[in-house]
Amino acid sequence: MTWIILGDSWSSTSLNTLLSTEFYPFDHSLFMHMRARYGRDVHCWAEAGQSDLHQLQRLRWGLKGCEHTPVRVLWGWTDWSRCVGFDSNSRRFLPSPHRSANYTENLKIIQQLMLENFRDPVLANVEFYHWGGHSPVWFNPADAPGSHTVITHDFAQSHYGAPKNSGISTYVGVAASDSWTHSVQDLWPTTPVETAQRLERLLLKHHNWRQRSPKLYPDGGHLAWKNYSKLVQLLPQ
């Protein structure tokens, strides 16, 4: 059975920095954990910084002509707001029909886009295995056609005691850190204050927990790859 790994930097084979190689070496990558269990028919299509929507569209394109080939996909989920499109120069979302000024409404738009992509017949023979990595799984796979299993909604929370992940840490940051420092209402200005503050409290709590857990998060943002042995054990033989 062919396995394809989808996701962002959590699922990739390199974080693209020399500093990261001490704690995120290729031999500890999810790809290598998967090959150790399933053999050579494992392919890593994950890309650092990519959105879940991009990954799903890439999968649809990559399976064209192989519609009848049984495939299993291990999908590590990332921040949903990466699907909207962000301009690193202006540090604002790009104009888009997939954009809303309200956090909750914007999430619903992206969820609908995901559902439409999952309906592609090219995915009919794919078995999906979802796990929360950089972000919890923010789409309900039961809404989509086909075979879907959520092996863990949030791997760091279920196996290492992390607090609830807000799932917005790509563009909403913590003051005095090296990440983005937007607030929720900077990016989604019509979001109710109560919703924005709740998300930001979750974000800060998770950030502080990571900073206190250097063995789990050596670079402060990625779970050490050696821990993926437990993740792979959640998959079928």
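**View 1. The buried side of helix α1 in this predicted model.** Helix α1 spans residues 30-38, and its buried residues are L30, F31, H33, M34 and Y38. Why do they sit on the same side of α1? They do so because they cover an arc of only 165° around the axis. An α-helix has 3.6 residues a turn, so residues three or four places apart point the same way. Several elements cover these buried residues, including strands β1 (2-6), β2 (42-44), β3 (71-77) and β6 (126-132). Helix α7 (228-232) is also among the covering elements. Just after α1 comes G39, with a positive phi of about 90°.

**View 2. M32 on helix α1.** Is M32 buried, partly exposed or exposed? Its relative accessible area is 25%, so M32 is partly exposed. Leaving out residues up to four places away in sequence, M32 touches F26 and D27. Now find W225. M32 and W225 are 193 residues apart in sequence, yet their C-alpha atoms are 10 Å apart in space.

**View 3. An open sheet of five strands.** The strand order is β2-β1-β3-β6-β7, and the pairing is parallel. Which strands form the edges? They are β2 and β7 (147-152), and each pairs on one side only. On average, neighbouring strands are turned by 20° against each other, direction ignored. Strands of a sheet pair through backbone hydrogen bonds, either parallel or antiparallel. Look at β3 and β6: seven bridges join them in the parallel sense. R72 has E127 in β6 as its bridge partner.

**View 4. Two helices across the strands.** Helix α1 lies across β1, β2, β3 and β6. It runs at about 175° to β2. Helix α2 lies across β1, β3 and β6, at about 165° to β3.

**View 5. The largest nonpolar core.** How many residues does this core have? It has 40. Those with the most contacts inside it are V73, W75, W80, M114, F118, L123 and W138. Elements giving two or more residues to this core include β1, α2 (52-62), β3 and β6. Helix α3 (103-118) is another, and α3 gives the most, with seven residues. In soluble globular proteins, nonpolar side chains tend to be buried together.

**View 6. The contacts of W75.** Neighbours within four places in sequence are left aside here. W75 is in contact with L6, D52, L56, M114 and F118, among others. Its contacts also include F128, Y129, H130 and W131. A second, separate core has 27 residues, among them W10, L74, Y129 and L235.

Key:
Residues numbered from 1 in each chain as written. Predicted model: local features only at pLDDT ≥ 70, side-chain atom pairs only at ≥ 80, totals over all residues. Heavy atoms only, no water. Buried < 20%, exposed > 50% of the residue type's maximum accessible area, 1.4 Å probe, protein only. Helix = DSSP H or I, 4+ residues; strand = E, 2+ residues; numbered from the N terminus. Arc of directions from axis to C-beta. Contact = heavy atoms within 4.5 Å. Core = buried A, V, L, I, M, F, W, Y, C linked by side-chain atoms within 4.5 Å. Pairing = 2+ DSSP bridges. Axes fitted to C-alpha atoms, helices over the stretch in contact; angles between N-to-C directions.
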